[in-house]
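Reader: I am new to this structure. Could you take me through it?

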Amino acid sequence: MTGAPAFSVVADVAIVKGETPAGDRTWLSLPDGSAHRAVVHVIHDLPHLVVESVFGLPDGLWGTLAAGGFEPANRALTRRNSHLRLVTDAPLDELAARNWPAHKVAKAAVNAVLNRWGDGPDTPQGVRNRLRGYGPDAAELAGQLDDDSIRLAAAGVRRLYREWAALPAGETLRLTWPLHDSWLRLMSPA
């Protein structure tokens with residue numbers, strides 16, 4: 001299976017869909033039995049889950065969240081009002097700061113796969129070309145990605161968006177970080 005992450009599942013992810021995006025709630029349960037709530041802007045951060053899993057990026061957004069990073073943002077949850085914020089809206093803790101370069105590469109990879117700005121074709125080569133534009137670390141990643149992994153990431157993002165859109169408010173989307181091979185195997189490359 002190409003595109004399968006080289007690291008094992010480190011967290012169960014439960015995302016409860018709210019009546020509005022501000023009402024969405026995300027929890028990470030860890031193998032040691034602990035669990036914590038995480039700041040996640042679901043529609044923005046679900047693609048990170050897929051792309052970071054498929055491309056084997058353990059220190060991007062989800063890996064950092066699973067390791068307990070972005071603690072200031074997680075603590076601010078209780079002080080939030082109804083507008084959405086990203087984890088990067090709060091000061092970075094030590095772990096998030098240490099993983100920041102990897103987070104930036106993961107964000108570049110997500111942007112390249114999603115082609116948020118309509119820059120070039122949505123082909124594996126188009127993804128690599130966009131990724132190279134984000135600097136040397138992203139260019140290095142672009143050189144490591146095979147076509148099947150890029151297609152798998154794009155198909156996974158589409159699938160996860162469909163599942164999220166179909167989920168009724170109050171229901172829970174259950175995933176893992178990284179996404180388990182069985183979830184990835186269910187996708188067709190189309």
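Author: We shall discuss some strands, a charged side chain and a helix. Please note that this is a predicted model.

Reader: Let us start with β2. Which of its side chains are buried?

Author: In strand β2, residues 25–29, Thr-26 and Leu-28 are buried and point to one face.

Reader: How many bridges join β1 to β2?

Author: Five bridges join strand β1, residues 11–16, to β2, and the two run antiparallel. Within this pairing, Trp-27 of β2 is the bridge partner of Ala-14.

Reader: And how many bridges are there between β2 and β3?

Author: There are four, again in the antiparallel sense, with β3 spanning residues 35–38. Here Thr-26 has Ala-38 of β3 as its bridge partner. The hairpin of β2 and β3 has five residues between the strands, and Gly-33 takes a positive phi near 95°.

Reader: Changing topic, what sits over the ring of Trp-164?

Author: The charged end of Lys-17 does, 5.2 Å from the centre of the ring. As for aromatic pairs, a search of the whole structure finds zero.

Reader: Now the helix α7. Which residues are buried there?

Author: In α7, residues 136–144, the buried residues include Ala-138, Leu-141 and Ala-142. These three cover an arc of only 105° around the axis, so they lie on the same side of α7.

Reader: What about the other side of α7: which residues are exposed?

Author: Pro-136, Gly-143 and Gln-144 are exposed there.

Reader: And what covers the buried residues of α7?

Author: The cover includes α5, residues 100–114, and α6, residues 124–132.

Key. Residues are numbered from 1 along each chain as its sequence is written. This is a predicted model: local features need pLDDT of at least 70, side-chain atom pairs count only at pLDDT 80 or more; totals for chains, interfaces and linings use all residues. Side-chain values use heavy atoms; hydrogens and water are left out. Buried means under 20% relative accessible area, exposed over 50%, partly exposed in between (1.4 Å probe, protein chains only). Two strands pair if DSSP finds at least two bridges between them. Rings of Phe, Tyr and Trp (its six-membered ring) pair if their centres lie within 6.5 Å; planes under 30 degrees apart count as stacked, over 60 as edge-to-face and the rest as tilted. A charge sits over a ring if NZ of Lys or CZ of Arg is within 6 Å of the ring centre and within 35 degrees of the ring normal. The arc is that of the directions from the helix axis to the C-beta atoms. Contact means heavy atoms within 4.5 Å.
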